[in-house]
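Please look through the sequence and the 3D structure below.

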Amino acid sequence: MTTIRTVAIGLLAATALAGSAFAQENSGEKLKVGLMLTLSGPAAVLGEQARDGFLLAVEDMGGKLGGLDTEVTTVDDELKPDVAANKARELVERDDADFVVGPIFSNIMQAIAKPVTDGGAFLISPNAGTSNFAGAECNENLFVSSYQNDQVHEVLGKYAQDEGYGRVFLMAPNYQAGKDALAGFKHSYKGEVVGELYTPLGQLDFSGELAQIAAMQPDAVYTFMPGGMGVNLVKQYRQAGLETIPFLSAFTVDETTLPAQKDAAVGFFGGANWAPDMDNEKSKAFVAAYEKKYGSVPGTYAMQAYDAAQMIDAAIKAAGGDLSAKDALRDGLQAAEFTSLRGDFKIGPNHYPIQDFYLVKVAKRDDGKYQTEIEKKIFDDYADNYAKDCKMN
């Protein structure tokens, strides 16, 4: 377990401008936040971006969230649900975390939601957004700063439908987010699905699947393969000479995978709620600060974690700095009174965001780095399809 402690410097002018009177009034109370992210194995880069985005936000706010000195404890869930559940209990019961921010993967979210919320903490997911928690199993103490899993995939389904791709091959890992991915694509796509494969989570050799694609010659391929899975799939797709078949994806060609995929990914499409070329001043400042501090291009994982910190900051301010005022904190999280890096953003009745979604395309920048760039907006102020099933307690 790695513990990172951030201490505000009260003499900074920026802190004074942020509200020194409020900070002084609440100077005796400390906010404790647990970050639970995947920080080892092939998918570690995803968790690292989320960690770095969150810590950058805390730094940008002078080491205080909501005017309170903030202590951040970071743990690796190891992408193991049983390990994650135990560490979640430790964060809440032993470390007295007021908020837990995480995880990256949906199977981990399923494992930690109950121990975190039953333990009296708020859970803020900066990435995972399963359908069950968006609908019938919604939880008053669970909020999401990212999306509902289906939504990004719906972007590509809508694009494939609009482009007239009549035959599409689908592929995703065999876990909840993979199932949500293909369900999301099919929600917007009404053409023929000529193949639908679920691969083992963590698979790195796709020669068998690529042979099927070559034999079927679909109009397009749609896939969700995050982390190292996506790196290998994109490289192998190019090596197999399949680039004439449009490659549509989500979380497969993004800022976590592009440094390894490089030219193999250029021109491939993805879906997102944000991209590093987002045209607003706050986003531009975030991208510049992130690149300067960490030497890499931030992706949505970093952006959503930064916004998770902003959600906590806004909630504590709404509660007057009183961490025991759970109802007021909850109302503050719901109100989300902050400026999101993605622009339009509000929290829906199921505690999942209502936001815009875009088709993005991989490009190589003049400085040699790779990033996704917004091609066009697909959905405007889009709420997920499960909110109607949420009966919040």
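Domain bounds, as used here, come from an automatic or database domain assignment. For this predicted model, the assignment gives domain 1 (31-149 + 278-355) and domain 2 (150-272). The centres of domain 1 and domain 2, taken over C-alpha atoms, are 27 Å apart.

**Basis and confidence**

The model is predicted: local features need pLDDT of at least 70, side-chain atom pairs count only at pLDDT 80 or more, and totals for chains, interfaces and linings use all residues. Residues are numbered from 1 along each chain as its sequence is written, and side-chain values use heavy atoms, with hydrogens and water left out.

The pLDDT is the predictor's confidence in each residue, from 0 to 100. Its mean over the protein is 92. Of the residues, 93% reach 70 or more. Over residues 1-27, however, the pLDDT is below 50. Beyond near neighbours in sequence, this stretch has 41 contacts in the model. A contact means heavy atoms within 4.5 Å.

The size of an interface is often given as the accessible area lost when the parts come together. Buried area here is the accessible area (1.4 Å probe) that two parts lose on being put together, summed over both. Between domain 1 and domain 2 it is about 1500 Å². Carbon and sulfur atoms give 60% of that area. Which three residues supply 31% of the area that domain 1 buries against domain 2? They are Gln-148, Asn-149 and Tyr-301, and they supply more than any other three residues.

The contact takes 18 residues from domain 1 and 17 residues from domain 2. On the side of domain 1 that touches domain 2, the elements that give two or more residues are helix H2 (44-60), helix H4 (106-118) and helix H12 (300-318). Helices (H or I, at least four residues) and strands (E, at least two) are DSSP runs, numbered from the N terminus.

Across this interface, 6 residue pairs are in polar contact, both at pLDDT 80 or more. A polar contact is a pair of N or O atoms within 3.5 Å; within protein, one must be able to donate a hydrogen and the other to accept it, and residues adjacent in sequence count only if both atoms are side-chain atoms. The count of salt bridges between domain 1 and domain 2 is 0.

**Salt bridges**

A salt bridge is a side-chain nitrogen of Lys or Arg within 4 Å of a carboxyl oxygen of Asp or Glu. The count comes to 23 salt bridges. The table gives examples.

| Pair | N to O distance |
|---|---|
| Glu-78 and Lys-87 | 3.2 Å |
| Glu-196 and Lys-186 | 3.0 Å |
| Glu-291 and Lys-369 | 3.8 Å |

Glu-291 lies in helix H11 (residues 281-294), and Lys-369 in the loop between strand S14 (353-364) and strand S15 (370-382), so the pair ties together parts that are 78 residues apart in sequence. Glu-291 is buried at 17% relative accessibility, whereas Lys-369 is partly exposed at 29%. Buried means under 20% relative accessible area, exposed over 50%, partly exposed in between (1.4 Å probe, protein chains only). A network of salt bridges links Glu-291, Arg-365, Asp-367 and Lys-369.

**Arg-330**

Arg-330 sits in helix H13 (residues 326-335). Is Arg-330 buried or exposed? Arg-330 is buried, with a relative accessible area of 13%. Not counting residues up to four places away in sequence, Arg-330 touches Phe-122, Glu-140, Asn-141 and Phe-143. A polar atom of the Arg-330 side chain lies 3.4 Å from the backbone oxygen of Glu-140.
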